[in-house]
Every structure is written in structure tokens, then in C-alpha cells.
Amino acid sequence: MDNWFKNYKGIIFLIGGIIIGSIAGLFLGDKVNVIKPIGDIFLNLLFTAVVPLVFFAISSAIAGLDGSNKLGKLLGVTSLVFVGTVLVAAMITIIAIWIFPIHQHLVASPITETVDKKPFGDQLTKLFTVSEFYELLSRKSMMSMIIFSVLIGFATLKSGEKGVRFAQFLHSGNEVFKNIFILIMKLGPIGLGAYFAYQVGVFGPQLFGGYARSMALYYGVGAFYYVAIFSAYAFIAGGVTAVKRYWKNNIIPSATAVGTCSSIATIPANLDAAKKMGISDMIANVTIPLGGTLHKDGSSISSIVKMAVVFALFGKSFNNAETIVIALAITVLVSLVEGGIPNGGYIGELLFISAYGFPPEALPPAMIIGTLVDPMATLLNATGDTVAAMLVARFFDGKKWMKQAPQIDE
């Protein structure tokens with residue numbers, strides 16, 4: 001019981017803050033305006049920390065890669081599998097949102113700030129680049145900062161011994177800002193509680209219906225993805241036999257993911273399961289740890305749901321081609337950003353809010369949804385790594401990978 005509480009206490013405290021804030025909003029009404037600055041302070045701290053946090057997390061991860069040719073090929077195949085499965089998860093969720101539209105159940109919040117609308121070409125240019133270095137320091141240039149961080153990481157890697165000290169600086173900075181973010185998130189229950197009290201007190205309890213339907217959509221899509229799509233991936237990797245191997249050995253990783261609410265904590269169980277599935281040590285030892293950090297099917301689904309909710313709250317359409325293309329690109333990046341950062345989903349939310357030009361008020365609803373769907377998201381994130389490793393083995397070793405498990409009792 002103590003371990004369970006330790007693993008879930010962050011979520012419990014956040015939900016507790018939301019519940020207390022909601023009750024306060026229901027009973028106090030407009031009087032809760034007095035505590036809105038508490039929520040604003042929390043958001044401002046997040047906005048302040050996000051740029052250096054993303055820079056150090058991404059650049060240090062790339063700077064620490066091994067540059068060998070064989071590993072480079074494996075990383076290439078792994079990257080394609082990770083990106084492909086994340087995109088599949090996102091597209092399935094988009095289709096589900098079209099079938100069960102969230103906007104029919106959400107009332108647009110009476111927020112006076114407008115959402116910028118620019119030509120598609122200008123949107124892409126502003127999304128991926130800035131004209132001056134100092135503009136990278138703004139949260140409004142989040143994707144430009146990510147691209148710059150990737151370039152810094154590869155440049156450091158290419159510099160070899162001459163770049164060792166700079167690489168150490170990046171790794172050190174990453175650890176420091178991880179802890180800064182952890183400290184800021186300790187204020188999450190208070191900050192989100194104050195924000196939710198304001199939302200309920202000012203905009204009314206109709207918000208609950210929208211969040212409930214969003215959660216129902218997420219858990220429905222998540223359950224389908226867990227059973228049907230993971231089985232389909234295993235079938236592609238090795239037919240019916242691979243499907244049997246996957247589900248026979250996925251019980252312990254699934255229980256570990258739900259029990260710990262951590263993809264990283266599930267890595268040992270996944271490595272053991274991958275070996276029993278017949279995946280070679282070379283592939284498993286690279287793909288599983290990377291997957292724990294960079295492969296997030298569950299986060300891909302939640303990213304799309306959050307975007308749809310925010311668009312609905314602001315009375316915007318989420319079904320045009322430009323919006324979908326940008327959403328898919330952001331979702332892939334969110335999967336990367338969430339990896340080496342505690343509570344990295346919040347950084348992903350800042351990214352899409354920045355990319356679409358939403359005001360800061362769009363962040364708390366997305367954070368609340370992310371908190372509520374976290375158990376299912378972790379299950380998909382963690383257990384998706386072993387089936388992704390199966391696909392990597394299929395594309396890297398061919399069909400012969402299925403012969404590498406003599407200990408398997410089919």
C-alpha cells in the first residue's frame with residue numbers, strides 16, 4: 001500500500017487539488033477571482049523554466065549517443081518504427097474524434113484573447129525557425145528551440161574529444177533543470193486547484209461534462225489500441241506466433257506499468273519480456289531503453305485529445321488539413337519531449353499551445369486532462385515498447401528473428 005501511494009501520490013495530490021478547487025468554485029462563485037493569481041504564478045513558473053529545460057534535455061540526450069555504424073543503422077530503424085507507431089496512434093485518435101466530436105459537448109470559454117490565424121506557409125516558417133537567436137529564448141518559439149537543440153546535440157557528438165567538456169555541461173544542465181521542474185511541479189496541486197476553482201466559479205460546472213467525455217474518449221481509444229493495434233503490430237512482426245508470444249509475456253510489464261505509473265520503471269520487466277519473446281539482446285538493449293524515453297503511443301493519443309479539447313474550448317475547428325498536419329508533427333515531437341523530462345507532457349502542451357497561438361489560459365485544461373488519463377497513457381507508453389522492439393527485429397533481422405527463442409513454449 002505504501003509503495004502504491006508513493007508511485008501515485010503525484011497524481012493523487014493533483015486530482016485532490018482539482019477536486020478541492022472545484023468545490024470551492026461551486027460554493028464561492030465569482031469570489032474565487034481572488035485566488036486566480038496563485039494559478040497564474042504556477043503557470044508563469046512553468047513558462048519560465050520550459051525553454052532551458054527542453055534545450056538541455058534534448059541536446060544532452062543526442063550528445064550522449066554512440067556513433068558506431070551498426071548502432072547507427074539500428075537507431076535508424078528504431079526511429080522509423082517509433083515515429084510510425086506514434087503517427088498511427090495519433091491518426092486513430094483523430095478519426096475517433098471525428099466520429100465522436102468533443103466540441104458538441106464543450107462550451108467555448110468567454111476568453112477575449114484571439115487565436116492568431118496566418119497563411120500556412122507563414123505558420124510553418126514561424127513554427128520551425130526564428131530570425132534572431134534571442135527569439136529562441138521565448139516559449140512562443142518552442143519548436144524552433146527543439147530543432148536548435150537537436151543541432152547542438154549532433155554538433156557536440158561530432159566534435160568528439162574536443163566537445164567532451166561541452167557535453168558534460170549539457171548533461172549537468174539537464175540534471176539541474178530536471179530538478180527545477182520537479183520543484184515547480186510540487187506547486188501543481190495548489191496551482192491547478194486555484195485555476196480550476198476560477199474556471200468552475202466563473203464559467204460554471206458545465207466544464208465537468210466536457211472533461212468526462214474527453215476521458216471516456218481517451219480510455220476507449222486507449223483500450224482499443226492496447227488490444228487490437230498492439231496485436232496487429234505483433235502479427236506484422238511475426239504472424240500468429242508472435243502475437244501469442246507478445247501477450248504471453250506482456251502481463252508482467254503491463255502490471256508493472258500500472259503499478260508504478262512509470263515507463264522508465266517498466267524497462268527491466270520489458271527487457272526480460274523481450275528476451276522471452278525472442279528479440280536479440282542487441283536490439284532489446286537499445287530499443288527498450290530508448291523506447292522508455294522516446295516512444296510514447298499513449299502520449300500521442302492524449303496529445304490529440306488535449307488539442308481537440310483546447311480547440312473546442314476556444315470555439316476553433318479541429319478538422320482542416322493545416323491543423324491536422326501541424327498536430328501530427330507536434331505529436332511526434334511531444335513523444336520526444338516527454339522522454340527525459342519529469343512531467344514532460346506539460347512541456348508538450350506548451351509546445352502545441354505555442355504552435356497554434358493559443359493564450360496561456362489554454363494550458364490548465366490540457367494539463368488536467370493529461371493528469372486524468374495518465375494511468376492508461378503509461379500502460380500504452382510502456383507496453384508499446386516491446387511490440388515496437390518486435391517490429392524493429394522484423395525490419396532489422398528479417399524473419400529469422402523468430403527463430404531466436406528456443407525457450408518459448410508456443
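I started with burial: 53% of the 410 residues of the chain count as buried, where buried means under 20% relative accessible area, exposed over 50% and partly exposed in between (1.4 Å probe, protein chains only). This is a predicted model, so local features need pLDDT of at least 70 and side-chain atom pairs count only at pLDDT 80 or more, while totals for chains, interfaces and linings use all residues. Residues are numbered from 1 along each chain as its sequence is written, and side-chain values use heavy atoms, with hydrogens and water left out.

Surface next. The chain exposes about 18,300 Å², by the Shrake-Rupley method with a 1.4 Å probe, where for residues only the protein chains shown count as cover. Carbon and sulfur atoms supply 66% of that area.

Secondary structure: I get 16 helices and 0 strands. These are DSSP runs (H or I, at least four residues, for helices; E, at least two, for strands), numbered from the N terminus.

Contacts: I took heavy atoms within 4.5 Å. Of the contacts in the chain with a separation of 6 or more, 82% are between residues 24 or more positions apart.

**Helix H6**

I checked the length of H6 (residues 164-185) first. Its 22 residues should span 32 Å at 1.5 Å a residue, and the end C-alpha atoms are 32 Å apart, which agrees. The expected span is 1.5 Å times one less than the number of residues.

Which residues of H6 are buried? I list Ala167, Leu170, Gly173, Asn174, Phe177, Phe181, Ile184 and Met185. Seen down the axis of H6, these fall within an arc of 120°, so they line one face of the helix. The arc is that of the directions from the helix axis to the C-beta atoms. Arg165 and Leu183 are exposed, on the face of H6 turned away from its buried side.

**Salt bridge**

How many salt bridges does a search of the whole structure find? It finds 1, taking a side-chain nitrogen of Lys or Arg within 4 Å of a carboxyl oxygen of Asp or Glu. The partners are Lys276 and Asp272, at 3.2 Å, N to O. Both sit in helix H10 (residues 267-277), 4 residues apart, about one turn of the helix. I noted the general point too: an α-helix has 3.6 residues a turn, so residues three or four places apart point the same way. Lys276 is partly exposed at 36% relative accessibility, and Asp272 is partly exposed at 39%.

**Aromatic pairs**

I count 17 aromatic pairs. The rule: rings of Phe, Tyr and Trp (its six-membered ring) pair if their centres lie within 6.5 Å, with planes under 30 degrees apart stacked, over 60 edge-to-face and the rest tilted. Phe311 and Tyr356 are an edge-to-face pair, 4.9 Å centre to centre with 90° between the planes. Phe311 lies in helix H12 (residues 297-313) and Tyr356 in helix H14 (residues 345-356), so the pair ties together parts that are 45 residues apart in sequence. Phe311 and Tyr356 are buried. I also found one aromatic cluster formed by Tyr225, Tyr226, Phe230, Tyr233, Tyr246 and Trp247.

**Two single residues**

Ile18 lies in helix H1 (residues 2-28) and is buried at 8% relative accessible area. Leaving out residues up to four places away in sequence, Ile18 touches Leu192, Gly193, Phe196 and Ile368.

Thr78 is in helix H3 (residues 69-99) and is buried, at 1% relative accessibility. With the same exclusion of residues up to four places away in sequence, Thr78 touches Thr287 and Val392.
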